[in-house]
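Please take a moment to look over the sequence and the fold shown below. The paragraphs that follow start from a single residue and then widen the view.

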Amino acid sequence: MAMDDDLFEKLKILSDAAKYDVSCVSSGVERKNNTVGGIGNAPAAGICHAWSSDGRCISLLKILLTNDCIYDCKYCLNRVTNPIKRATFTPEEVAELTIQFYRRNYIEGLFLSSAVEKSPDHTMENIYRVLELLRYKYNFWGYVHVKIIPGASPLLVKKTGMLADRVSVNIELPTKESLSLLAPQKRVENILQPMSLIHNEIAGAIEDKRHFKNAMRFVPGGQSTQMIIGATPDTDKTILDLSQNLYDKFRMKRVFFSAYIPVMSSPNLPALSTMPPLLREHRLYQADWLMRFYYFNSSDLFTENEPNLDLEFDPKLMYALRNIDKYPIEINKASYEELLRIPGLGVTSAQRIIRERKNAQISYDSLKKMRTVLKRAKYFITVKGKYYGNVKLDPEAIKAQIRMKEIQRQISIFELL
Ligand code: SF4
């Protein structure tokens, strides 16, 4: 693709700046052209992958419209007081780049985020303009995920939602206090209002679709949000209580967690030498998964004295150990929801057990034949009344056993080397 130096420089700056936005998973994929007679290579700049609602992996051009921000969020490289190189695409440039990349098969869609340039309305207007150009000038109806700018007018948000496949409003930090400490120009109301509006419009569009074949679409892929983890002392309980609220109240598709990477120095932030809390981020995703697919509530995952997730053991195992009086669970009698509370047992195994149970009682051997992973589950179940855990049903004993198995597993990996 013929791209002038100025445009290429903007692409480098604005795709690099977009990598901190995790509401569209991984970035930085490089793809060489291996076809005979084919033209061009996919540059690493700006290509990322996301999963569509039907489970397909799609490649997206992931960029910021601008990094020229008027706000001064303490944790952000783009903050107005940080002396970095600034760049701004015009809506025409973004639309043209998307189409050129699409025609060359580098991408299937666009993920467009942005700093706040001049004002929320000005930025939102430009994001909308990109969508308008893509949809009506280029007749491009591929996947487009855009950022909604908090504080932008509801009319602009609505117009944008009619053309986008997915939108996200980043909540950034889990409490009002944290926001005013680190992002003093941001208001909770300005974040929650567009979320609520989008939720209502989606519900309206779904209802209209039931009655009218040609009803207007409104963000068919739903909305998502992102929270930064570890920049403030907020607990995991605070973070997951808020996530639960967002799922319940706004039918949020995903809450993404982003481990804070210390890139800016401020007395209100962790020291620059602090490592990003990646294991904590991983545990939060595990807990989030339990809330979305395993009928867990955030209140199930904490006690008054333990407002943070355990870093050694996963949240489902910790739930079982803390509530050991609810175990062992009899495989032949448990409801689907109870089966999902057995550590090590996933949705597929639980569904298989329910199905097979209709034909005959399940034995320990038949569980193995069904390829149920019993490594952890065996400490928390009975099968036809028999307990197969080789230690007594006691949290400390089970923990010790799991630790020992883990050490044995690690030793066996070393022996293979
Ligand atoms: S508004 Fe967004 S881009 Fe601007 S400083 Fe805050 S986090 Fe960074």
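Ile239 has its place in helix H7, where helices (H or I, at least four residues) and strands (E, at least two) are DSSP runs numbered from the N terminus. The model is a predicted one, in which local features need pLDDT of at least 70 and side-chain atom pairs count only at pLDDT 80 or more, while totals for chains, interfaces and linings use all residues. Residues are numbered from 1 along each chain as its sequence is written, and side-chain values use heavy atoms, with hydrogens and water left out.

Because its relative accessible area is 2%, Ile239 is buried; the word means under 20% relative accessible area, whereas exposed means over 50% and partly exposed covers what is in between, with a 1.4 Å probe and protein chains only. Contact means heavy atoms within 4.5 Å, and when its neighbours within four places in sequence are left aside, Ile239 is in contact with Pro174, Met227, Ile229, Asp234, Phe257, Arg280 and Leu284. Between Ile239 and Leu112 there are 127 residues in sequence and 26 Å in space, taken from C-alpha to C-alpha.

Helix H7, which covers residues 236-250, packs with helix H6, residues 188-211, at an angle of about 35° and with the axes 10 Å apart. Two packed helices are described by the angle between their axes and the distance between the axes; here the axes are lines fitted to C-alpha atoms, for helices over the stretch in contact, and angles run from 0 to 180 degrees between N-to-C directions. From H6 the residues Leu192, Met195, Ser196 and His199 meet Leu246, Lys249 and Phe250 of H7. Sorted by class, this contact of H6 with H7 has four nonpolar, two polar and one charged residues, where Ala, Val, Leu, Ile, Met, Phe, Trp, Tyr, Cys and Pro count as nonpolar, Asp, Glu, Lys and Arg as charged, and the others, Gly among them, as polar.

The loop between H7 and S7 holds Arg251, which has a positive phi of about 50° although it is not a glycine. Arg251 counts as exposed because its relative accessible area is 58%. Lys118, in the loop between strand S3 (109-113) and helix H3 (120-137), also is a residue other than glycine with a positive phi, near 65°, and its relative accessible area of 60% makes Lys118 exposed. Elsewhere, in the loop between helix H9 (315-322) and strand S8 (329-330), lies Pro328, and a cis peptide bond with omega of about 0° joins Tyr327 and Pro328.

Helix H3 also contains Asn126, which counts as buried because its relative accessibility is 16%. Apart from neighbours within four places in sequence, Asn126 is in contact with Leu65, Pro91 and Glu117. Thr98, in helix H2 (residues 91-103), is buried because its relative accessibility is 0%, and Thr98 touches Leu61, Ile107, Leu110 and Leu134 when residues up to four places away in sequence are not counted.

What space lies in the largest pocket? The volume is about 910 Å³, and 47 residues line this pocket, those closest to its centre being Tyr20, Tyr75, Cys76, Asn78 and Glu172. On a 1 Å grid over the protein atoms alone, a pocket is an open set of points with protein on both sides within 12 Å along at least five of seven lines, where a 1.4 Å probe fits, and lining residues have an atom within 4 Å of a point; grid points are joined across faces, edges and corners, and a volume is the space filled by probe spheres set on the points. Helix H1 (5-17), strand S6 (223-229), strand S7 (254-259) and helix H8 (278-293) each supply at least two residues of the lining, which by class has 26 nonpolar, 10 polar and 11 charged residues.

Cys76 counts as partly exposed because its relative accessibility is 24%, whereas Cys73, at 8%, counts as buried. The structure holds zero disulfides, a disulfide being a pair of cysteine sulfur atoms within 2.5 Å.

Finally, the view of the whole chain: there are 13 helices and 10 strands, and the C-alpha trace spans about 70 × 55 × 55 Å along its principal axes. Of its 417 residues, 48% count as buried, and among contacts with a separation of 6 or more, 65% come from residues 24 or more positions apart.
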